[in-house]
Amino acid sequence: MELRVGPKQNMGKIIEDVVVTIPMAQTVTNVNLTTSAGVGTYDPVGRVVTWNIGKIAPQKYFTATGSITLQTGSGIPESNPTVSVDFKVPLITMSGLKVSRLDIYGEKYRAFKGIKYLTKAGRFQIRS
């Protein structure tokens with residue numbers, strides 16, 4: 001197994017809280033994973049590989065390689081697993097949405113004129 005993760009287009013921003021999740025088939029008994037960054041673990045009860053990368057700087061790519069052990073007598077699974085990626089990109093909106101004005105009525109205090117943008121991954125899956 002080999003997996004490569006990196007930004008395709010992030011407009012020069014750091015990608016934070018990157019976690020890659022791969023559900024394994026029922027016939028998988030063990031996964032040995034070696035990562036170039038972060039921590040990769042296999043949960044034999046839930047049959048899930050989790051790779052917690054953390055932060056990815058612009059133009060950086062990380063790889064995870066490993067071997068998968070199947071039950072004795074079982075063949076290769078018919079389908080490839082679905083790879084899920086969760087991440088955040090602070091101070092940017094991928095949609096390009098901008099807040100130009102905010103009016104608050106009925107309050108006595110003055111609001112701070114700052115907007116904090118954050119892009120979060122919803123459900124982003126890669127199928128091969």
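Which residue takes a positive phi in the hairpin of β4 and β5? In this hairpin, which has 4 residues between the strands, the residue is R47, with a phi near 55°. The structure is a predicted model, in which local features need pLDDT of at least 70 and side-chain atom pairs count only at pLDDT 80 or more, while totals for chains, interfaces and linings use all residues. Residues are numbered from 1 along each chain as its sequence is written, and side-chain values use heavy atoms, with hydrogens and water left out.

R47 is located in the loop between β4 (39–43) and β5 (48–56); strands are DSSP runs of E with at least two residues, numbered from the N terminus. R47 is not a glycine. Most residues other than glycine have a negative phi.

D17 is found in strand β2 (residues 15–23). Although not a glycine, D17 has a positive phi of about 50°. The side chains of D17 and K88 meet in a salt bridge with an N to O distance of 3.3 Å; the term denotes a side-chain nitrogen of Lys or Arg within 4 Å of a carboxyl oxygen of Asp or Glu. Because D17 lies in strand β2 and K88 in strand β7, the pair ties together parts that are 71 residues apart in sequence. The structure holds 1 salt bridge. D17 counts as partly exposed at 41% relative accessibility, and K88 counts as partly exposed at 30% (buried is under 20% relative accessible area, exposed over 50%, partly exposed in between, with a 1.4 Å probe and protein chains only).

On the surface, V99, L102, I104 and I115 form a nonpolar patch with about 370 Å² of accessible area together. Patches are made of residues with over 30% relative accessible area and no salt bridge, with nonpolar side chains (Val, Leu, Ile, Met, Phe, Trp, Tyr) joined within 5 Å and like charges within 9 Å. Areas come from the Shrake-Rupley method with a 1.4 Å probe, and for residues only the protein chains shown count as cover. L102 lies in the loop between β7 (83–90) and β8 (118–120) and is exposed, with a relative accessible area of 64%.

Technical notes
Pairing = 2+ DSSP bridges.
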